[in-house]
Amino acid sequence: MKAFFLRIKTWLSSLSFRTGVIVLLLCIPFYAISFLQMMLPISAGAKGVLWVIFFGLAKTFQYGGLSILGVEGVKRVKAWFRKRNKE
């Protein structure tokens, strides 16, 4: 099982910086959906199931994007935000 996760991590880290940013940004709509669906007029059980699905997808995209970016990619994104805030 450990070899499986190592293969996935190696594959994710081989993807480009742009792909990492896109995957990381995909977590935002899933977080929004996971909480906004609570306003739907459906049963509490269905809301719970939808929340688990969408929140899980949001976390998957978040950790997947961070794995693709790696430490250096996260530093690049932070530097971009700092530069943008100074302008």
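Biologist: Hello! To get me started, where is Val-49 found?

Modeller: Val-49 is found in helix α4. Helices (H or I, at least four residues) and strands (E, at least two) are DSSP runs, numbered from the N terminus. Please keep in mind that this is a predicted model, in which local features need pLDDT of at least 70, side-chain atom pairs count only at pLDDT 80 or more, and totals for chains, interfaces and linings use all residues. Residues are numbered from 1 along each chain as its sequence is written, and side-chain values use heavy atoms, with hydrogens and water left out.

Biologist: Why does Val-49 count as partly exposed?

Modeller: Buried means under 20% relative accessible area, exposed means over 50%, and partly exposed is in between (1.4 Å probe, protein chains only). Val-49 has 49% relative accessibility, so it counts as partly exposed. As for its place in space, Val-49 and Ser-67 are 18 residues apart in sequence, with their C-alpha atoms 27 Å apart.

Biologist: And what makes Lys-75 partly exposed?

Modeller: Lys-75, in helix α4, has a relative accessible area of 49%, so it is partly exposed too. From Lys-75 to Lys-86 there are 11 residues in sequence and 17 Å in space, C-alpha to C-alpha.

Biologist: Now to the loop. Which residue lies between α2 (17–25) and α3 (27–36)?

Modeller: That is Leu-26. Its relative accessible area is 34%, so Leu-26 is partly exposed. Its C-alpha atom is separated by 27 Å from that of Ala-3, 23 residues apart along the chain.

Biologist: How do α2 and α3 pack, and why are they called roughly parallel?

Modeller: Axes are lines fitted to C-alpha atoms, for helices over the stretch in contact, and angles run from 0 to 180 degrees between N-to-C directions. Angles under 35 degrees count as roughly parallel, over 145 as roughly antiparallel, 65 to 115 as roughly perpendicular and the rest as oblique. The angle between α2 and α3 is about 10 degrees, with the axes 4 Å apart, so the two helices are roughly parallel to each other. Their contact (heavy atoms within 4.5 Å) is made by Val-23, Leu-24 and Leu-25 of α2 with Cys-27, Ile-28 and Pro-29 of α3.

Biologist: What makes α3 and α4 roughly antiparallel?

Modeller: Here the angle is about 160 degrees, with the axes of α3 and α4 8 Å apart, so the pair is roughly antiparallel. Residues of α3, among them Phe-30 and Ile-33, meet residues of α4, including Phe-54 and Leu-57.

Biologist: Why is α2 oblique to α4?

Modeller: α2 and helix α4 (residues 44–86) pack at about 130 degrees, with their axes 8 Å apart. That angle makes α2 oblique to α4. The contact includes Phe-17 and Val-21 of α2, and Leu-69 and Arg-76 of α4.

Biologist: In which kind of crossing does α2 pass α4?

Modeller: α2 passes α4 in a left-handed crossing. A crossing is left-handed if the near helix is turned anticlockwise from the far one by less than a right angle, and right-handed if clockwise. α3 also passes α4 in a left-handed crossing.

Biologist: How do you know that the charged end of Arg-76 sits over the ring of Phe-17?

Modeller: A charge sits over a ring if NZ of Lys or CZ of Arg is within 6 Å of the ring centre and within 35 degrees of the ring normal. The charged end of Arg-76 is 3.8 Å from the centre of the Phe-17 ring and sits over it.

Biologist: How many aromatic pairs are there?

Modeller: The structure holds eight aromatic pairs.

Biologist: What makes the pair of Trp-80 and Phe-81 edge-to-face?

Modeller: Rings of Phe, Tyr and Trp (its six-membered ring) pair if their centres lie within 6.5 Å; planes under 30 degrees apart count as stacked, over 60 as edge-to-face and the rest as tilted. The ring centres of Trp-80 and Phe-81 are 5.0 Å apart and the planes are at 70 degrees, so this pair is edge-to-face. Trp-80 is partly exposed at 48% relative accessible area, and Phe-81 is partly exposed at 41%. Elsewhere, ring pairs link Tyr-31, Phe-35, Trp-51 and Phe-55 into a cluster.
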